[in-house]
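Open the model in your viewer and keep the selection panel at hand. The tour below goes from one selection to the next.

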Amino acid sequence: MLSGGHLLSVLIFFPAVGALALLLLRDDDHKYIRILALIVSVVEFLFSLLLLRDVPTAVPGYHLEELAKWINDPPINYHLGVDGISMFLVLLTTFLTPISILASWQSIGRRVKEFFVMLLMLEVGVVGVFLSLDLFLFFLFWEVMLIPMALLIGIWGHERRVYAAVKFVLYTMAGSILMLVGIIWLYNATGTFDLPAIQQRLASGGLVLVPGTEMVLFLAFFLAFAIKVPLFPLHTWLPDAHVEAPTAGSVMLAGVLLKMGTYGMIRFCLPLFPQASHRAAGWVAALAIIGIIYGALVAMVQPNLKKLVAYSSVSHLGFVVLGIFAFQNISMQGAVYQMLAHGISTGALFLLVGMLHDRRHTFEISEYGGLATPMPKLAAFFLFVALSSLGLPMLNGFVGEYLILLGTYQRHWGWASWAALGVILSACYLLWSYQRVFFGDIRHEENRTVPDASAREKGILVTMAVVTLWMGIGSIFITRRTDVAAQTVIDQVDPRRPYEAAAPNGTAPRAGTVPASRVKLITAERLGTR
Amino acid sequence: MFPRTIDLYRVLPELVWGSFGTLAMLLQPFVRNRNFFTVLAFVGALGGTGASCFAFRNAGPGFYGLVQSDPFSYFFHLLVGTVALLVVLAAGPYLDRERLPFAEFYALLLFATAGMGVLASAQELLTAFIGLEMSSISSYILAGYHRDALKSSESSLKYFLLGSFATAFFLYGIALIYGSTGTTMLDKMVSADPSSTLLKLGLAMILIGLGFKVAAAPFQVWTPDVYEGAPTPVTAFFSAGPKAAAFALLLRIFATVPAATHFWFWAFWLLAVLTMFAGNLGALVQTNLKRLLAYSSIAHAGYVLVAFAAVTSMAQVDSANAAPAYAAVLFYLLSYALVKLGAFTIVSQMGGAGEKHLSLDDYAGLSQRQPVVAAMLSIYLLSLLGLPVTAGFFGKFYIFKAAVNSHLLWLAVLMAVNSIIGAYYYLRVIVVMYMREPSTEAATAAPVGFPLTVNVVLAVTAIGTIFFGVMPNAVLNFILQPNLLGH
């Protein structure tokens, strides 16, 4: 059952070791602190690439599991595991961390050591969230990552940083503490915190939750995740946190932390509470669609460039939630794809906005204009990233949105048509803001002399652009691996779940065993749609 | 009726604490060396704590059932003993700084500890009353120990007046219970008639008396003033020791007397909710850290009372399953004692001569001036807030679990709401330390010195907080045993 090796533990705790090593350096050794942090995060990324090798593509269930006793009563285990969905989210995290470190190379000038320690501790928490298979352990990492993120915003952020940091923590805690009560309640019903064990019992029909109870539990979990995503109308912390956070904080926040919410929905809400998920799906979809359109409309009228990108996240994440609650394999995979694509392209947008801020120390769009003349390279990258974010075919945003709309259409054509509005609107706000920032006449004298992208910035942006392009054309590399995991979730959330499909032995859920022929079929569909 | 040797063994910790306290008083006129008394008190506290192991080895009822040595009393003896030990270490530098006499302070501290020991092991109500008085009277004096400071005297007077009032309630309660059941022995009340009004009234009186001691709303009004006025090491002691001991007695009474459990669930429910809100809402508006921590200790008493509600409601349906709820109380008190001791010790040191620097503004930018102190205080605050990898998280987790186990969902949700209110003001302190720039005057001032003994206290409490946050097993396995209360 447990294939040896401790890759997952290494992935979680290696950054913590790196952070400890950083603490040993002298405070004013800025150069070595940065280099060491970068090395740690790059090595971590290389480690995470091993996942691609070690996780089989077509086998459902969790892989590379690690299981150790931790607390006797109540029985809490240190249980880790990875599947096709969490694997890519881990990769996204480990990829964006070195990028964030590079992005903060010069813009972070004070309390440098603490900054990089916090960034690495954040990585510990986030990777831990994605790899935990024990509800309690999951909650633990979920809470642990709060503090580094809050400090990143609160210490190194902009003017209203303290307000934003406190708001961020209080919003998240409000959700998560209810989730804790939900977790304990679920434990009372099942006698275990172990996710695969609970799934197994649900699949075999050994555990049936009363509809009322199931709904309350679903809401306890869902609220915590919805705040994190953030789903309309719980999104109000996000613009503040994003605008006030330093660039690296924004990248990690948009790139990875928001995905913890959608990941939680996929991993916990749907499989554990299938009936409640179906009953709530209409409402959730409505909120998601409102979020898509509302986020886009607000983004369109934003005078603040960073806030514009923040609201675009609300819109894009709405797509992800919609894809999840359409309960279709294709839309589920689209949701996962969109999570990754959004991480890359919005991360890149925040990087670019941060670069503009480094030069002019403002986010106001009216302060810019005509920047394409002094900085053609940065302008080109910005256009490329904006196009990927608005879903231009061949770039990463397209794949996710397309799959989501396709799957959602199968479920309900109305949802898909409303959501499609968001695609159009995103083109509006991104291109319009691009035009105002980079084209037109130069209205401010200081804009004539802003320097173009430096070598370090070019390095970051080229990396991001390559990944964007590769995800746009090589999507089969990812969907081939998320397919089975998505199907597993779809089967688990099926209200008519075939109990006999559960594997008779083994503790991992086999509820979603996908016949090989079906895998081929899905893959063929995917190829055809592209 | 001479005590047998085994009886003496079973109260050995109290004997050690008491005799070292007496010794300190006797030697005071003869020894001029102040450090001598610190060492003496340290040895006494350590000896008493060690003696509790000895008492536990010889577990069983002592003095014909007046006291009982069992895992429960062992746990609390260790707890209050350790608290006393750490307060001795933390108080030395404070007494030095404020030029206060040493011997009496330590003597009173040890007497109070002995009283708390009696409270933890009392099986009979009058014995418990003696323990309560021993610890209370010492506490009244300790609160006013800085007699030249106006606030300290005020604190002492308030504590004394309200405290004696509460003790009177307690005593009256005992009388009523005796009138109803004909006994003051707890284990003989097992068969008492639960419907007796006299018994209910007596228990209500006891609940009021002890509710005062643990600062449960609506009997909490004295807490902020007393905690703020008392010398800070004494405040640390108050919030950790006597509170734990009073909770111990409350738990023993309401766990042993079955008549007590039926009726009291709603009383505890109400007390818990009132206390949580009173503490947290009060703390929201505080700008003085010492006062803020005082209000927070009210709130935390409320959390413990949630577990009490769980205990009493659990005992109705399924007494065998009540063990985790007891364990929740014990674990919470442990984690809470560690954290409050550490936090108040830092406040005591940072306060400076005359305790002038207690305001939150004095902590602005502390992370840059004294990063280690700021990090330590953050650990304590995060534990109070209940964030993972601290003991406070598991404490809260077990209480949540006990509440959900007993189907007290509304109580759990209200507690969750309170945790979030709490998060706000604990975070505010962290924000001030990490995200504000120090005032110019504070930035140029020399960093506040932390003597070795204080550092030991901080290290022990911080490491303990993290250790029990990662390995709660270490203590849980012990307090989860079925014969916790010796039967």
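**Stop one: a helix in chain B**

This is a predicted model. Select helix H8 of chain B, residues 197–213. At 1.5 Å a residue, its 17 residues should span 24 Å, and the end C-alpha atoms are 24 Å apart, so the two values agree. Now colour the buried residues of H8(B): B:Leu199, B:Gly202, B:Leu203, B:Met205, B:Ile206, B:Leu207, B:Gly209, B:Leu210, B:Gly211, B:Phe212 and B:Lys213. Past the helix, pick B:Ala215, which follows H8(B) and has a positive phi, near 60°.

**Stop two: where chain A touches chain B**

Show both chains. Here 25 residues of chain A are in contact with 23 residues of chain B. On the chain A side, the elements that give two or more residues are helix H5 (135–144), helix H6 (146–156) and helix H7 (161–190). Select H7(A) next: the largest share of that side, 14 residues, comes from this helix. Coloured by class, the chain A side shows 19 nonpolar, three polar and three charged residues.

**Stop three: two helices within chain A**

Select H3(A), residues 84–103, together with H11(A), residues 247–272. Their axes come within 8 Å and cross at roughly 170°. An angle over 145 degrees counts as roughly antiparallel, and H3(A) and H11(A) are therefore roughly antiparallel to each other. For the contact, show side chains on H3(A), including A:Ile85, A:Leu89, A:Leu92, A:Leu96 and A:Ile99. On H11(A), the contacting residues include A:Val251, A:Met252, A:Gly255, A:Lys259 and A:Tyr263. By class, this contact has twelve nonpolar, five polar and one charged residues.

Key
Residues numbered from 1 in each chain as written. Chains lettered and ligands numbered in written order. Predicted model: local features only at pLDDT ≥ 70, side-chain atom pairs only at ≥ 80, totals over all residues. Helix = DSSP H or I, 4+ residues; strand = E, 2+ residues; numbered from the N terminus. Expected span 1.5 Å × (residues − 1). Buried ≥ 20, exposed ≤ 12 C-beta atoms within 10 Å, placed from the backbone. Contact = placed C-beta atoms within 7 Å. Nonpolar A, V, L, I, M, F, W, Y, C, P; charged D, E, K, R; others polar. Axes fitted to C-alpha atoms, helices over the stretch in contact; angles between N-to-C directions. Parallel < 35°, antiparallel > 145°, perpendicular 65-115°, else oblique.
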